[in-house]
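Below are some questions and answers on helix packing and on a chain interface. The structure comes first.

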Amino acid sequence: MAKTRNYKSIGVKLPLAYSEEFGPYSMFTDPLKALKQDFKNLMLTNPGERVMNSDFGAGLGHFLFENKTNETIDNINAAVYGQTAKYLPPIQVLNVDAVFVGNLLRIQIKYFIPDLGLADTLDLNIKDNNIGTI
Amino acid sequence: MPQITDKRPPIKLTSRDFSTIKNDLINYAKIYYPDSYKDFNEASFGSLLFDMVAYVGDMLSFYVDYQANESFIDSAIEEDNIVNMAKQMGFKIPGSSSSSGVCAFYVEVPAQNDFAGSKPTTDNLPILKQGSVMASDSGANFILIEDVDFSKEDVQVTVGDSDGQKPTSYAYKAYGSVVSGQYGTEIVTITKYEKFKEIELETEDITEVMKVVDINGNEYYEVKYLSQNIVFEAIKNLTQDSTEDAAYIMRPRFVPRRYVVEHAIDGTTTLQFGFGSEDALENNEFPDPSAAILKLHGKNYFSDDTFDPNILLETDKFGIVPPPGNLIVSYRKNTADNVNVAANSITAVANPIVAYKNSDIPPSVRSSVRSSLEVNNESPVTGQVGLLSTEEVRTRALDAYATQDRAVTANDYVSLTYRMPAKFGAIKRANVVQDKDSFKRNLNIYVASENVLGYLTSTPEMVKQNLKRWLNHYRMINDTVDILDAQIITMGIEFSIIVQVNADTTVVLNKAIKKLMDNYSDKLMIGRPFFISDIFKMLNDIPEVVDTKDVKMVTRSGAGYSNVSYNVDANLSSDGRFLYVPEDTVLEIRFPNRDIVGVAV
């Protein structure tokens, strides 16, 4: 039997994990962490992947195979800013730093959450099919 | 007593698409799980799950709608479904359409070799037989669908050639109907007896299946439905005095060997045969009703006796299936994509079938007559239309269902009367009236035909017999129908007009007469009032006419006219605008060039 919850949960924590505290799955109680996971989902979802919403997703994984040019960097910036403004308005992107390091695409996104008054950074290391963690 | 309240959460059953289902789910979660889940932005994992559930809901709703729409012919979209429902409603998809029209045929026949040489040798006149093949300039073939007899009275004749002193040959011109296409044959091998045998022909775009013959030489007849066991057969009318009226006599024929033809929209043609075997045909009796009762065995009581329809299937009531062996299917199909041709395009007699009434004609004459055959279509041969669209199938199916190929209304009878195939005799005008004096609600069909000169005349007895057999097939069982001759009254128009001062009265008068002649060149309808006011309007519409002073309708009688009396004054409406015409009467302006007279001042 699950324990009585002490916190108001916000969203499901990925990867799914059994939690006695929250019921079947562990949940976020910290809005900053919940938003960060949403932000990562948005950045790594490929356009067309989401059912009935083919525009959703920045698809940053695809940029790994683009030419290492300033134009690609500009496109990464556009994808991050555009998708965040459209699908995740609570987050305000401050800076996107994308660099190719060998076969690795390293993207660092600094963002601010006005409602919480907090800033954070999302680091993505994209290499082949292995998407880097935060 | 405490009131029991329904605590089930409200579900909007009208939310059936993705966005509304998703919104409802989000609202539901916000209301019932406010503390468990709060992350509703698009990028959250929960939102992904909402999307998936809403997607499934949307798909289910779509297919429910789809199935519902496809269940009705009005809303169905898929071609196969529309065609299947159309079949259920009694509509049959026609085969590849063909064009048809009339061609003029010419033949040159030697004159009598006498001193005067002034007479054509009528013994040498040929009959161009049905099935002769013509060709157009574009390569399309056309088949003659009726015998063209050059010895008939209405054939035009003129001098063909002369030696300077007397004619040596005469040219004859006769008309015959042609239809596009050419005949073909397909042999189908049947390996075993099979109930309701279906045969899909390899040849595509078949216009018409002409003949089906089995290995024993038995002919099978096309019917609309397998339960239809009667077809109308055309027997050549050999009665001398009525050949001109009806070239063929209609005779119902019992056809145990029969099939239905189904043309698919994709151009394929399928024949379906019935259920019975040859053995059933030998015992060609309707089953004893007592044998058709489904017996309940193993019980010592009866609750009900049920009619067993399988007993009927074992008879020939759905037709006979051809025995194993070769089945020869003759058909007609178009030889070109477009078989509509302009006037003067059918110019070649590709394969004439020539016969003579006189068998003693020398081969040399036969050969010269045959080689002299020429053809020309004086008017366009049209009628081919493209394949039916699904929308056309939908519309025609609804029409077919409404009429059911039965005579129910008065208009159905009129329509059927006009639809009788022309070779059984043509009805020019028909009117159906309920016989008010009859206790049986008898219907009177008044008919009139047209003679070779184009005048209305009483319908010949043979044609009325054919019409009777034709209508009998369609009429309701409790309808009694009398086919009667319409009274034909020949009329004339006398008018006087005032023309403009500077206009030529003769020219204006001729113009007025021509206008009326053009308007009344078509035969009037039986029982339809004659509107004199129309004549006033037509005359006043002529720019040079200031006013129409008077229009008078007069009866015409005497030689060449009808002898039926008609009192114009008694039948004139009180305001003088139209003439009452009895339901069994038709007015005719037989000779417009002399029956329409006028005065211009």
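**Helix crossing and chain interface**

Q: What is the handedness of the crossing of α1(A) and α2(A)?
A: This is a predicted model, in which local features need pLDDT of at least 70, side-chain atom pairs count only at pLDDT 80 or more, and totals for chains, interfaces and linings use all residues. Residues are numbered from 1 along each chain as written, chains are lettered from A in the order written, and side-chain values use heavy atoms without hydrogens or water. A crossing is right-handed if the near helix is turned clockwise from the far one by less than a right angle, and left-handed if anticlockwise. That of α1(A) and α2(A) is right-handed.

Q: Are α1(A) and α2(A) parallel or oblique to each other?
A: The axes (lines fitted to C-alpha atoms over the stretch in contact, with angles from 0 to 180 degrees between N-to-C directions) of α1 (residues 31-44) and α2 (residues 70-87) of chain A come within 10 Å and cross at roughly 125°. Angles under 35 degrees count as roughly parallel, over 145 as roughly antiparallel, 65 to 115 as roughly perpendicular and the rest as oblique. The two helices, α1(A) and α2(A), are therefore oblique.

Q: Which residue of chain A meets B:D51 in a salt bridge?
A: A salt bridge requires a side-chain nitrogen of Lys or Arg within 4 Å of a carboxyl oxygen of Asp or Glu. Across the interface of chain A and chain B the rule finds one. Its N to O distance is 2.7 Å, and the partner of B:D51 is A:R50.

Terms used:
Helix = DSSP H or I, 4+ residues; strand = E, 2+ residues; numbered from the N terminus.
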